[in-house]
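I opened the model to look up a few local features. My entries follow in the order I made them.

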Amino acid sequence: MIEKSAMTKEESAELREENDKVFFPSGYKFFSTHRGPRPGKLHTFLGMPGVGKSTMRNSIIQDLSYHSPGKKFFIWLSEESEKDFKTSLSYDTLVSNNENILIYSEHKNLELYDNLENAKEYFKDILAKSMCDVFIFDNITTSQLYGENFNRQAKVSILLKQIAIEMNVPFILFAHTGSSVSESGRQLIDSNNIRGAKTIVNLSEFFYIMQMFRVGENRFSTLRLCKSRNQPTKHTMFVLEFSEITRSYTKDGSIPFKKFAEFYKESNKL
């Protein structure tokens, strides 16, 4: 039997206050338009291999480290070694010596992930011990934990959601598009283009799509905010500015749909 649970005025007011609060200030408009990364929520970035997702990962670490000093980050890597990751961060002095960035690479324990239940327990344990304020998973779709079986991917997606809620920290995930998507085809990417199961798309409260357009010799890196649950947004399309010095996106700017459509229409196509 299901018992009725009434919502009091006090509880309603507390929920509104929490939903309106900025927990992690950000210099990026694509974050600040929905009051920054949200504790206990999944934030998924989708893009083709090579579009700049790892650059975005580092940029987010730099941004949040600057605006929320002292916060602890836990980075789970499925493709890079710990050394590769540290090298990619070494170009920015703000984070290159940051002791609050904890790193785990799956390269250390490939055999661990053969058994899903053992892998899940290990994942939960190592995350709990990290006591992090922000968790970043790069890349979920190439992770040994996630696997290639759709049923397993669905289970791991639900696990991620559960742990995010339990730890009450933002989970920032990066994902690849499927093999059917190619840059030369000039296809407009959407959430259905994610590699593997769609469960993580459905469970994510915030979903971003990164897509680069080449117009002649110029490159335009764009980001679209496709989902923002319980957070009304003023802007949903952005262009990213890349710095060769820090090898990161130094800033972003909102763009109207008409400008985004121009990138798409004029982009190079084989």
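**Entry 1: Glu-244 and Ser-243**

I started with Glu-244, which sits in the loop between E8 and strand E9 (248-254). The model I am reading is a predicted one. Is Glu-244 buried or exposed? I found a relative accessible area of 63% for Glu-244, so I logged it as exposed; the cut-off for that class is over 50%. I then looked across the chain from Glu-244 to Tyr-91. The two are 153 residues apart in sequence, and their C-alpha atoms are separated by 9.4 Å.

I moved to Ser-243, which belongs to strand E8. I followed its side chain to two backbone nitrogens: that of Ile-245 at 3.2 Å and that of Thr-246 at 3.4 Å. Leaving out residues up to four places away in sequence, I noted that Ser-243 touches Ser-248 and Thr-250.

**Entry 2: the largest pocket**

I looked up the largest pocket next. I noted about 370 Å³ of space in it. Which residues lie nearest the centre of the largest pocket? They are Gly-52, Thr-55, Arg-219, Phe-242 and Tyr-249, out of a lining of 17 residues. Helix H3 (53-67), strand E7 (218-228) and strand E8 (237-243) are the elements that give two or more residues to this lining. H3 gives the most, with four residues. I sorted the lining of the largest pocket by class and recorded four nonpolar, seven polar and six charged residues.

**Entry 3: Ser-65**

I stayed with helix H3 and picked Ser-65, which lies in it. Ser-65 has a relative accessibility of 8%, so it counts as buried. I traced its side chain to the backbone oxygen of Ile-61, at 2.7 Å. Neighbours within four places in sequence aside, I listed Phe-73, Val-95 and Asn-98 as the contacts of Ser-65.

**Entry 4: nonpolar cores**

The largest nonpolar core has 34 residues. Which of them have the most contacts inside this core? I wrote down Trp-76, Phe-123, Phe-135, Phe-137, Leu-160, Phe-171 and Ile-200. Elements giving two or more residues to this core include strand E1 (42-47), strand E2 (73-77), helix H6 (116-130) and strand E4 (134-138). Also among them are helix H7 (150-167), strand E5 (171-176), helix H8 (199-203) and strand E6 (206-215).

Apart from this core I found another, of 31 residues, with Phe-45, Ile-60, Ile-75 and Val-95 among them.

I took Phe-137 for a closer look. With neighbours within four places in sequence left aside, Phe-137 is in contact with Trp-76, Glu-106, Phe-123, Ser-143, Leu-145, Leu-160, Ile-172, Leu-173 and Phe-174.

**Entry 5: Tyr-208**

I located Tyr-208 in strand E6. How much accessible area is left to it? I recorded 0% relative accessible area for Tyr-208, which means it is buried. What does the side chain of Tyr-208 make a polar contact with? I found the side chain of His-34 as its partner, at 2.8 Å.

I also checked Tyr-208 against His-43, 165 residues away along the chain; their C-alpha atoms are separated by 7.7 Å. His-43 is one of the residues that Tyr-208 touches, residues up to four places away in sequence not being counted. I listed the others as Phe-30, Phe-31, His-34, Thr-44, Phe-45, Leu-46, Leu-223, Arg-224 and Leu-225.

**Entry 6: backbone geometry**

I finished with the backbone, where most residues other than glycine have a negative phi, and most peptide bonds are trans.

I noted a cis peptide bond between Asp-138 and Asn-139, with omega about 15°. Asn-139 is placed in the loop between E4 and H7.

I noted a positive phi of about 65° at Arg-35, which is not a glycine. Arg-35 is in the loop between helix H2 (29-32) and E1.

Asn-230, not a glycine either, has a positive phi of about 65°. I placed Asn-230 in the loop between E7 and E8. Its relative accessible area is 57%, so I logged Asn-230 as exposed.

Terms used:
Residues numbered from 1 in each chain as written. Predicted model: local features only at pLDDT ≥ 70, side-chain atom pairs only at ≥ 80, totals over all residues. Heavy atoms only, no water. 1 Å grid on protein atoms, 1.4 Å probe; cavity = no way out; pocket = protein on both sides within 12 Å on 5 of 7 lines; lining within 4 Å. Points joined across faces, edges and corners; volume = space filled by probe spheres on them. Nonpolar A, V, L, I, M, F, W, Y, C, P; charged D, E, K, R; others polar. Core = buried A, V, L, I, M, F, W, Y, C linked by side-chain atoms within 4.5 Å. Buried < 20%, exposed > 50% of the residue type's maximum accessible area, 1.4 Å probe, protein only. Contact = heavy atoms within 4.5 Å. Polar contact = N/O pair within 3.5 Å; in protein donor to acceptor, adjacent residues only side chain to side chain.
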